[in-house]
Amino acid sequence: PSDGGYNSLEGGNPDLRPEVATTETLGAVITPRIVPGLSLAVDYFDIRVNDVITNFQADTTIEQCLQTGNAFLCSQVHRAPGTGSLWIGPAGYVNDVEQNAASLVTRGVDVDASYQHALPDLGGHALGRAGVHLIGTYVLDLSTVTVPGTPAFDCSGYYGGPCGDPQPHWRHTLRLTWDTPWRVDVTATWRYVGPVIVVAASPNPLLSTPFDAADFRLGARSYIDLSLAWRLNRRIEVRVGVNNLFDVDPPIVAADFAAGVASNANTYPGAYDALGRWLFVAMTARL
């Protein structure tokens, strides 16, 4: 039609089936006697989800049917008998209800390492214990098939578009602690989010679209947090600290690629620290 309009059928679907996942994990925990206080846990995961509930958006259905001839998408276009219209009366429409039509595969490695060690005495005075704890995940693959009959696309290392929120290959939290003998615990934390590339720059033809050079890459972000906990007595504890000590700004994302549940205000506050540096004071009293 001249106005570019058409009917679409949207909403729920009483014929939906539950999503079904197959999860395989293989892990090991290492606590070597030669290094007392060291613990290392490594877990490989492979998760495959079938019958993922999704919809395709009517615009995408029409465009991809015309461009690729995909049988499934073309079957969602219901032209009115006799006229072939998609907009004169309710008989012609594009089906855009929820369907069990996608699949998802994610593979990666989780790492959890910790080490505790008693500090040597200094001038006859005990210095307490020090510890380090690392929790990180490396994503090897995050592949999705959104339309039956089309190749999978891998979102690991990308952001925006059909990949939605940033999906860095590596992210971690590294925490250093010092349990002093003076009822004071000091903690320094390094939060790291790896770099990602805009999905439009993917070599996958399903994802590749024009984009501005400024949107090509969201650089890695490192956040340093410091905190101190002081146990005044058995009942009262005071905590003070600062998060994002160096006031690291979140990346700015163009509206064209700000997609996903964690997207808001031209960035991803669900993935990055959008508040800047902030201080906190807290007290716990046990009655």
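Is Arg 17 buried, partly exposed or exposed, and at what relative accessibility? In this predicted model, Arg 17 counts as partly exposed because its relative accessibility is 44%. The residue also takes part in a salt bridge, and the salt bridges are described next.

The structure holds seven salt bridges. One of them joins the side chains of Arg 17 and Asp 51, with a distance of 3.0 Å from N to O. Arg 17 sits in the loop between strand E1 (8-11) and strand E2 (20-30), while Asp 51 belongs to strand E3, so the pair ties together parts that are 34 residues apart in sequence. Asp 51 has a relative accessible area of 25% and is therefore partly exposed.

A second salt bridge is formed by the side chains of Arg 107 and Asp 141, at 3.8 Å from N to O. This pair links distant parts of the chain, with Arg 107 in strand E6 and Asp 141 in strand E7, 34 residues apart. Asp 141 is buried, because its relative accessible area is 11%. The cut-off for buried is under 20%.

Arg 231 and Asp 185 make a further salt bridge, in which the closest N and O atoms are 2.7 Å apart. Arg 231 is found in strand E14 (residues 221-231) and Asp 185 in strand E11 (residues 184-193), so this contact ties together parts that are 46 residues apart in sequence. Arg 231 counts as partly exposed, at 29% relative accessibility. Asp 185 is buried, with a relative accessible area of 19%. Salt bridges also link Arg 191, Asp 225 and Asp 273 in a network.

Rolling a probe the size of a water molecule over the atoms shows where empty space is left. The largest pocket holds about 1,100 Å³ of space. Its lining has 36 residues, and the closest to the pocket centre are Thr 146, Phe 153, Gly 161, Pro 162 and Leu 207. Several elements contribute to this lining. Strand E3 (38-54), helix H1 (58-68), strand E6 (99-118) and strand E7 (129-145) each supply at least two residues. By class, the lining of the largest pocket contains 18 nonpolar, 16 polar and two charged residues.

The second largest pocket has about 160 Å³ of space. Eleven residues line this pocket, and Ile 62, Leu 66, Val 77, Arg 79 and Leu 86 lie nearest its centre. Which element gives the largest share of the lining of the second largest pocket? That element is H1, with three residues. Helix H1 also supplies at least two residues to the lining of the largest pocket. Eight residues in the lining of the second largest pocket are nonpolar, two are polar and one is charged.

Val 281 lies in strand E16 (residues 278-285). Is Val 281 buried or exposed? Val 281 counts as exposed, because its relative accessibility is 68%.

The loop between E15 and E16 contains two residues of interest. Asn 244 is placed in this loop. Asn 244 has a positive phi of about 55°, although it is not a glycine. Asn 244 is buried, because its relative accessible area is 0%. Pro 269 is placed in the loop between strand E15 (236-243) and E16. Pro 269 is partly exposed, with a relative accessible area of 37%. The C-alpha atoms of Pro 269 and Pro 250 are separated by 7.8 Å, and the two residues are 19 residues apart along the chain.

How values were computed: Residues are numbered from 1 along each chain as its sequence is written. This is a predicted model: local features need pLDDT of at least 70, side-chain atom pairs count only at pLDDT 80 or more; totals for chains, interfaces and linings use all residues. Side-chain values use heavy atoms; hydrogens and water are left out. On a 1 Å grid over the protein atoms alone, a cavity is a set of points where a 1.4 Å probe fits but cannot get out, and a pocket is an open set with protein on both sides within 12 Å along at least five of seven lines; lining residues have an atom within 4 Å of a point. Grid points are joined across faces, edges and corners, and a volume is the space filled by probe spheres set on the points. Helices (H or I, at least four residues) and strands (E, at least two) are DSSP runs, numbered from the N terminus. Ala, Val, Leu, Ile, Met, Phe, Trp, Tyr, Cys and Pro count as nonpolar, Asp, Glu, Lys and Arg as charged, and the others, Gly among them, as polar. Buried means under 20% relative accessible area, exposed over 50%, partly exposed in between (1.4 Å probe, protein chains only). A salt bridge is a side-chain nitrogen of Lys or Arg within 4 Å of a carboxyl oxygen of Asp or Glu.
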